[in-house]
Amino acid sequence: MPIKDRTEQGPSVSAQEALDFHSMGRPGKLEINPTKPMATQRDLSLAYSPGVAVPVKAIAEDPSRAFDYTTRGNMVAVISNGTAILGLGNLGALASKPVMEGKAVLFKRFADVDSIDLEVDTEDADEFINCVRFLGPSFGGINLEDIKAPECFIIEQRLRELMDIPVFHDDQHGTAIIAAAGLINALAITGRDMKSAKLVCNGAGAAGIACIELVKAMGFAPENVILCDTKGVVYQGREDGMNQWKSAHAAKTDARTLAEAMDGADIVLGLSARGAFTNAMIQSMAKNPIIFAMANPDPEITPEEVAEIRTDAIMATGRSDYPNQVNNVLGFPYIFRGALDVRATTINDAMKVAAAEALAGLARQDVPDDVAAAYQGNRPKFGVNYIIPVPFDPRLISAIPVAVAKAAMDSGVARRPILDMEKYAQELSARRDPIASTLQRIYDRVRRQPKRIVFAEGEEEQVMRAAVSYVNQKLGTAILVGRDDRIKETARQAGVDLNRPGIEIINARVSRRNAVYADYLYERLQRKGYLLRDCQRLINNDRNHFAATMVALGDADGLVTGVTRNYSTALDDIRRVIDAKPGHRVIGASIVLARGRTVIVADTAVHDMPNSLEIADIAEEAAGMARRMGYEPRVAMLAYSTFGHPAGERSERVQEAVKILDKRRVDFEYDGEMAADVALNPTLMQQYPFCRLSGPANVLVMPAFHSASISTKMLQELGGSTVVGPLLVGLNKPVQIVSLNAKDSDIVNMAAIAAYNAGQ
């Protein structure tokens with residue numbers, strides 16, 4: 001069987017290391033945290049007595065309201081009796097607990113599904129069924145795990161009949177769905193058709209039976225599918241070692257052994273044991289054989305062994321140290337996510353097929369930097385060594401649940417249909433990436449008013465990928481600046497398709513606007529020591545100057561740069577071409593998302609040690625940015641002191657900045673100086689009844705660049721916060737500078753922000 005729910009596996013993990021991991025700090029891998037405040041007596045009154053009586057009565061009147069007032073709609077139970085733990089066998093219910101806890105963690109990590117593990121100490125199927133069925137009101141779904149065959153078939157079937165929530169035995173269906181996704185792509189690569197392809201499955205346990213059932217549901221001809229077990233082929237008329245689940249797939253064939261069945265076969269699925277496939281068996285298969293050797297932890301035959309006898313095979317295993325890992329974590333979190341979100345009564349074949357097809361489709365798409373980074377820079381590309389997506393692909397959360405939810409609706413098992421699937425996909429992305437919801441308003445606005453964005457470093461691979469993503473997301477036109485031949489060759493080697501509408505390549509040296517740009521730059525810099533030939537050289541050779549001039553003269557709406565140069569150097573380049581808005585100050589502002597709160601921090605890029613006037617200007621610029629993003633600004637100007645205590649020179653600068661804003665009569669809330677905890681904590685703020693802020697600050701103005709930089713980086717590393725930026729604010733034209741070696745997703749976000757600002 002394949003490695004289940006584990007993204008990394010290998011000899012580098014020692015036994016002691018694994019024990020230390022599970023015992024360090026608080027033992028185990030789970031804890032429970034409240035989602036509502038529990039700080040005051042009123043909070044307790046609402047959470048428990050007497051307030052809790054209200055939802056109790058509401059649910060008694062209408063049981064469906066449990067999904068509205070409790071955790072049921074996002075809660076899955078992971079349940080096992082420990083009779084088939086991984087590849088270790090029957091070690092008992094208690095021994096299965098580390099695995100079940102791990103499963104619950106993966107539900108949360110990958111799909112934001114809350115989960116709890118339950119270990120049922122019985123091997124009697126009826127006792128197990130009765131235990132689980134009566135726990136049904138607690139959960140929105142049941143994930144059965146590590147239960148041996150044939151009891152697993154009986155248990156799942158009976159629970160599905162008795163319960164009105166999804167019951168899913170992942171050892172069966174999870175493996176089948178991921179394998180089916182790989183099969184779809186392997187068939188496409190080898191030019192085969194499901195209806196005519198000959199498939200052999202070795203292993204008639206839970207996963208094997210589920211694989212056979214799913215491939216037939218997808219369109220494989222039953223007469224071309226042969227199931228084998230330890231006694232050989234499961235054929236019509238066989239009596240030895242049979243049960244009702246094997247009998248349902250008994251084939252009409254003269255083959256009696258695995259070797260005979262594999263002779264001429266197009267596909268073989270291994271869900272059995274190490275060494276089950278011999279060299280002779282593999283050699284006897286058809287041209288371009290598809291071999292899924294998924295035994296756990298050692299496959300039926302290794303890719304190295306196959307490579308010695310066949311050069312035309314496509315292989316998948318259950319191991320992370322080989323390409324094409326059949327890993328159940330690609331399926332179960334997202335399948336349950338989609339099922340829960342439509343309140344499905346079951347997970348049916350239509351939903352399983354939809355999940356497999358969505359996974360297969362995702363593997364054919366260009367792989368983002370986030371995935372390459374998770375795999376040490378090795379960027380997978382669709383082909384014989386990449387037919388299944390990898391577990392850390394961030395797109396899984398927005399692709400698989402959507403397909404599952406739609407299939408549930410189409411097949412009539414959804415109790416709460418989703419009307420806007422595009423919005424649902426956006427909400428799913430926000431579950432995995434906190435910044436997604438904040439940026440979504442920006443993306444939506446830009447799609448209504450698409451913009452031409454110039455990507456100054458067009459020869460860099462991640463910039464090309466960002467440009468493609470920008471166009472694919474219908475944000476506008478992407479202009480890559482660089483040498484045509486270099487861009488096209490890099491794109492070819494990286495597998496990036498630039499031959500699509502909406503992508504332009506401009507070589508600065510041969511641009512028809514080259515002379516115009518040089519004259520414009522010379523007009524700006526002639527009194528700063530630059531000759532015309534100096535300006536011509538900058539336009540010819542420096543892409544920042546060329547791209548910034550494009551934006552300055554209206555040939556593009558916005559600019560993104562910074563991948564190959566540090567922030568200050570890139571900013572200096574831009575400032576030679578583009579001025580600040582009249583009456584504005586150029587600042588850097590970062591968006592920080594932490595524990596469900598969004599805060600703008602400034603200045604995080606430009607001013608090292610601002611004086612009082614500069615602090616006041618920074619506050620105005622940051623407040624304007626907050627308002628443009630849809631927030632009503634509450635600005636706190638920070639210091640190490642709060643309202644004069646303790647006193648100090650730097651605090652006096654902030655106090656003076658408050659007075660400057662008073663004179664300007666600005667239209668937003670502001671106050672200072674104050675410490676960060678006072679600015680963010682309403683209870684602490686109440687100790688200062690004269691404070692002008694009506695609530696916790698959402699804009700923090702730092703007293704110096706170093707404090708801004710230190711605080712945002714600490715929040716990222718220690719607090720797990722998401723930080724976007726610094727964003728450039730105050731320039732006369734939309735320009736954003738990314739960090740050195742930024743990922744393509746970061747570049748796209750900055751491009752969208754530049755486009756959004758262009759539309760203001």
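# Rings, cores, strands and helices in a predicted model

Arginine 256 lies over the face of tyrosine 235, and the distance from the ring centre is 3.7 Å. A search of the whole structure finds 10 aromatic pairs, and the largest nonpolar core holds 103 residues.

**Aromatic pairs**

- A pair of aromatic rings is described by two values, the distance of the centres and the angle of the planes.
- Among the 10 aromatic pairs of the whole structure is that of phenylalanine 643 and tyrosine 688, whose ring centres are 5.4 Å apart and whose planes stand at 55 degrees, so the pair is tilted.
- Because phenylalanine 643 lies in the loop between strand 17 (634-638) and helix 27 (649-664), while tyrosine 688 lies in the loop between helix 29 (682-685) and strand 19 (699-701), the pair ties together parts that are 45 residues apart in sequence.
- Phenylalanine 643 has a relative accessibility of 23% and therefore counts as partly exposed, and tyrosine 688, with a relative accessible area of 23%, is partly exposed as well.
- Phenylalanine 668 and tyrosine 670 form an edge-to-face pair, with 5.9 Å from centre to centre and 65 degrees between the planes, and both of these residues are buried.

**Nonpolar cores**

- Within the largest nonpolar core, Ile142 and Phe220 are the residues that touch the most other members, and the largest share of this core, 10 residues, comes from helix 8 (residues 170-190).
- A second, separate core has 66 residues, including Ala478, Ile503, Ile660 and Val666.
- When its neighbours within four places in sequence are left aside, phenylalanine 220 is in contact with Leu183, Leu187, Met194, Ala197, Leu199, Val215, Val225 and Ile267.

- Strand 5 (residues 199-202) runs parallel to strand 8 and is joined to it by four bridges, with cysteine 201 standing opposite leucine 269 of strand 8.
- Strand 8 also pairs with strand 9 (residues 290-293), again in the parallel sense and over four bridges, and here glycine 270 stands opposite alanine 293 of strand 9.

**Two helices**

- Glutamine 172 has its place in helix 8, and with a relative accessible area of 2% this residue is buried.
- Apart from its neighbours within four places in sequence, glutamine 172 is in contact with Cys152, Phe153, Glu156, Ala206, Ala207 and Ala210.
- Helix 31 (residues 744-758) has 15 residues, which at 1.5 Å a residue should span 21 Å, and this agrees with its end C-alpha atoms, which are 21 Å apart.
- Helix 31 is mostly covered, since 11 of its 15 residues are buried, and among them are Asp744, Ile747, Val748, Asn749, Met750 and Tyr756.

Technical notes. Residues are numbered from 1 along each chain as its sequence is written. This is a predicted model: local features need pLDDT of at least 70, side-chain atom pairs count only at pLDDT 80 or more; totals for chains, interfaces and linings use all residues. Side-chain values use heavy atoms; hydrogens and water are left out. A nonpolar core is a set of buried Ala, Val, Leu, Ile, Met, Phe, Trp, Tyr and Cys residues joined through side-chain atoms within 4.5 Å. Buried means under 20% relative accessible area, exposed over 50%, partly exposed in between (1.4 Å probe, protein chains only). Contact means heavy atoms within 4.5 Å. Rings of Phe, Tyr and Trp (its six-membered ring) pair if their centres lie within 6.5 Å; planes under 30 degrees apart count as stacked, over 60 as edge-to-face and the rest as tilted. A charge sits over a ring if NZ of Lys or CZ of Arg is within 6 Å of the ring centre and within 35 degrees of the ring normal. Two strands pair if DSSP finds at least two bridges between them. The expected span of a helix is 1.5 Å times one less than its number of residues.
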